[in-house]
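Here are a few exercises on side chains, each with a worked solution. Grab your viewer and follow along.

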Amino acid sequence: MNLIDRIAATWNNFVGNPNFAFAMCVSVLVFAVLYFYMIKFLMDNKAQALVALFVAVMIIGAAVISFPKEINTAFFLIIPTIFLIAIMILYSVELKRIILTRKPIKTTDLKHGVSYDEERVKKCVAEIIKALQNMSKNDVGAIIVLSTGNVPTQVLDSGVKLDSDISSELIESVFFPKTPLHDGAMIINGTKIVAAGCFLPLSQNVDNIPKDLGSRHRAGLGVTETIDVISLIVSEETGIISIARAGKIVRYADYEALKKTLTRYYWQELEVTRK
């Protein structure tokens, strides 16, 4: 008996018990939850084509097995299993990030539910963008990680803890060439620079990284594969600013792209964390 036959036999035994109504209700609930999370995951990752294919297959399958009774009803178990395996293969990076993301460790401001005022946020956004653009003009390499307090302790401990207010002068001085901390990453949490000179895990998806990008981009991208953070990366060779998130990188970020990213970080993601 092969694997599919065993699954079919198990399924038929389940739906064939005396308490068929109860078993059917349980099975409908289980599949409804399974289908919901599968479709939600695909939609979150902009895979509408796969969602459409999955729904079409299930509708066609339901129509087919509703007529010839000899067709095995395990169809509704086998098809989701195939799609689950396909999702695990195609979206391994996204699943790894979801599984390994740690529960946020809130800062003092977050613990006490302190909301940042608009002027303070605008100042932080302006200072970060100013620093990035100045470093871009001067071809100074940099990695700034925007976190919600969810960066692992071992990453923070690999650098120097600062707990400083955000200013373009401080950011630029940290990444100035040949200074002790310029090769590491700066971790920002809210309106504070938490640490600098931190070492980040390198991305393992080398096939998806352009060959002209080096270890700085691999590090900035790698941390977003395992933690729900945003990396702002300045290339030392070209001065190009990139934005990395969820294992994906967007290059040539201009003022508007940086402002949009930072505004969303402060007014949406940090607000969600505080609730």
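## Exercise 1: a strand-to-strand pair

Asp 165 counts as partly exposed, at 47% relative accessibility (partly exposed sits between buried, under 20% relative accessible area, and exposed, over 50%, with a 1.4 Å probe and protein chains only). Before going on, note that this is a predicted model, where local features need pLDDT of at least 70, side-chain atom pairs count only at pLDDT 80 or more, and totals for chains, interfaces and linings use all residues. Residues are numbered from 1 along each chain as its sequence is written, and side-chain values use heavy atoms, leaving out hydrogens and water.

Task: find which residue forms a salt bridge with Asp 165.

Solution. 
- Step 1: the criterion is a side-chain nitrogen of Lys or Arg within 4 Å of a carboxyl oxygen of Asp or Glu.
- Step 2: Asp 165 lies in strand β2 (residues 160-165) and Lys 192 in strand β4 (residues 192-198), so the pair ties together parts 27 residues apart in sequence. Helices (H or I, at least four residues) and strands (E, at least two) are DSSP runs, numbered from the N terminus.
- Step 3: Lys 192 is partly exposed too, with a relative accessible area of 25%.

## Exercise 2: a helix-to-loop pair

Task: work out where Arg 216 and Glu 236 lie, given that their side chains meet in a salt bridge.

Solution. 
- Step 1: the N to O distance is 3.5 Å for Arg 216 and Glu 236.
- Step 2: Arg 216 belongs to helix α10 (residues 215-226), while Glu 236 is in the loop between β5 (230-234) and β6 (241-245), so this bridge links parts 20 residues apart in sequence.
- Step 3: Arg 216 is buried, at 14% relative accessible area, whereas Glu 236 is partly exposed, at 39%.

## Exercise 3: a pair within a helix

Task: say how many residues apart Lys 122 and Glu 118 are in helix α7.

Solution. 
- Step 1: their side chains form a salt bridge at 3.3 Å, N to O.
- Step 2: both are in helix α7 (residues 118-137), and being 4 residues apart puts about one helical turn between them.
- Step 3: Lys 122 is partly exposed at 46% relative accessibility, and so is Glu 118 at 48%.
- Step 4: a search of the whole structure turns up 5 salt bridges.
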